[in-house]
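Please read them alongside the sequence and the coordinates.

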Amino acid sequence: SLVGVTVESSAAPTFDKFNQSLFAVTVLHADSVRLDSLNVSDNYGGGILVDSARVVTGVGSMVARNKGLAARFGECQIRCYDLAPPRAPALSHPTYYSTAGPGLALARVQDARLSQFLVDSNPSGGLDAVMSGLPGPTLTISGGLFRGGAYGVRAAGDVNLPSGSVSVDGTRFANMDAGIEASYFDAFALVRARFDSVPYRASKDAVNLSQVTNVAFADDTLSDGLGTGLDLTGSGSVNVERSTIRGFKDSCGGDCGDVALLLNGVSVVARVYGSRLDQNQMTGVLVSPGITGTLTFDSLLVVGHFLGMELSSPATVRRSLFQANGVGIGVSSGGEASLIEFNNFQGNTSAAVSNQGSTTVGAPNNWWNHDTGPSGCASCSGLGDAVSENVIFDPWLIALYDPAPKPAPPAGAPRRAAGGSR
């Protein structure tokens, strides 16, 4: 147990271990480890390393401004060994190795539960959890703040036999190059989390998940990042509910291909419900080609993008609002079997729906911003938002669809009552 301990200005790089970062606190081969109310700050190496433990718990600790430095060739000449103080022989060795120690490292830990940690301004990263080689490892983070540095949380399961879970609940991430990276787990859950300016200054992701079987997001808010919001690759099941991504910018000014929400390689089912994508200077939702799972987007609010949603695999889009985008929904080759119905389209400047595929796409029973239907195509005679050729838009709604989100009317203007189809 470590309770109420302060370790400052320690863990200087040692020149008998070139290119390896040391940690201010190191715990090796323990059954249970308790890290409560610690202050591990301003050390030249990493902050805390727990290597090979069954259970790690911690409440209310601060891990801050640990530089994560390592000794490198050229920084000391031949007399380094002579000047170094004598070292006691090591009884055991860590499995964790890094040339840049993070604030907190967990290696081969079966069950880690951290609550209300302040992990602040560790330039080499916040928490690095290497959980490979273990059956069903779990990492649970509750509350607290991760701020600054190369990343907030990086967790890796077993590449050969993914299992176990990562759960983050009520935690804030701010001003860092990447937020959460997790790969090779059975389950990942992010609930009530907040991301502010993540990514901060690099073309990275607020959340990047790779080869995680079951993914769940609920009531999360991601704001003002410079890069991609959610990058979800190789999942079986994805569920995103009541979450917001707003104010993100492409890190190359539009050339990097950053997106607010990326779905890639979903094999079973993905459902995005009741969420808001708002004023992101990039594509709002990108559905990559070749997805074999069932995709449903329901009750979304997609406002103020160059392209609100791009479908390169079939999906159902319903009961959603697409407003003030350049293009509301773009359909590419592979996405023509999509069904777009019972949505409200308003003020999408180039097109509400643009189909660049080789066959038609179904888009019946939508409100096109005018009771005469859409404009833009050869068979269109309406005055509403435009559609391209190969969009089946008939029948259309003659009023806003009530169950879908609705745009706010101009000040003093009466709302149009909901109605049926033409």
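Where is Arg65 found? The points below begin with that residue; the model is a predicted one.

1. Arg65 is found in the loop that runs between β6 (62-64) and α1 (80-83). Its phi is positive, at about 55°, although Arg65 is not a glycine. Most residues other than glycine have a negative phi, and most peptide bonds are trans. With a relative accessibility of 36%, Arg65 counts as partly exposed, because that class lies between the limits of 20% for buried and 50% for exposed.

2. Arg242 also deserves a check of its backbone. Phi of Arg242 is near 50°, a positive value in a residue other than glycine. Arg242 sits in the loop between β20 and β21 (244-246). Its relative accessible area is 41%, so Arg242 is partly exposed.

3. Val198 and Pro199 are joined by a cis peptide bond, with omega at about 0°. Pro199 belongs to the loop between β16 (194-196) and β17 (204-218). The bond from Asp394 to Pro395 is cis as well, and its omega is near 5°. Pro395 is placed in the segment after β36 (391-392).

4. Which residues does Ser235 contact, leaving aside its neighbours within four places in sequence? They are Val212, Thr213, Val215, Gly265, Val266 and Ser267. Ser235 itself lies in the loop between β19 (227-233) and β20 (237-241). Its relative accessible area is 1%, and Ser235 is therefore buried. Thr213 is 22 residues away from Ser235 along the chain, yet their C-alpha atoms are separated by 4.8 Å. Val212 contributes its backbone oxygen, which lies 3.1 Å from a polar atom of the Ser235 side chain.

5. Asn39 is placed in strand β4 (residues 39-41). Is this residue buried or exposed? Asn39 counts as buried because its relative accessibility is 18%, and the limit for that class is under 20%. Not counting residues up to four places away in sequence, Asn39 touches Val5, Thr6, Val7, Glu8 and Met62.

6. The largest nonpolar core has 88 residues, and those with the most contacts inside it are Leu139 and Phe297. β17 gives the most to this core, with six residues. In soluble globular proteins, nonpolar side chains tend to be buried together. Beyond its neighbours within four places in sequence, Phe297 has a list of contacts that includes Leu263, Val272, Val285, Val287, Met309 and Leu311. Among the others in contact with Phe297 are Ala315, Thr316, Val317, Arg318 and Ser320.

7. How many cavities of 30 Å³ or more does the structure hold? There is one, and the volume of the largest cavity is about 50 Å³. Its lining is formed by Leu230, Val240, Ser243, Ile245, Leu261, Val272, Ser275, Arg276 and Leu277. These lining residues divide into six nonpolar, two polar and one charged. Val272, one of the lining residues, is also in contact with Phe297.

Technical notes. Residues numbered from 1 in each chain as written. Predicted model: local features only at pLDDT ≥ 70, side-chain atom pairs only at ≥ 80, totals over all residues. Heavy atoms only, no water. Helix = DSSP H or I, 4+ residues; strand = E, 2+ residues; numbered from the N terminus. Buried < 20%, exposed > 50% of the residue type's maximum accessible area, 1.4 Å probe, protein only. Contact = heavy atoms within 4.5 Å. Polar contact = N/O pair within 3.5 Å; in protein donor to acceptor, adjacent residues only side chain to side chain. Core = buried A, V, L, I, M, F, W, Y, C linked by side-chain atoms within 4.5 Å. 1 Å grid on protein atoms, 1.4 Å probe; cavity = no way out; pocket = protein on both sides within 12 Å on 5 of 7 lines; lining within 4 Å. Points joined across faces, edges and corners; volume = space filled by probe spheres on them. Nonpolar A, V, L, I, M, F, W, Y, C, P; charged D, E, K, R; others polar.
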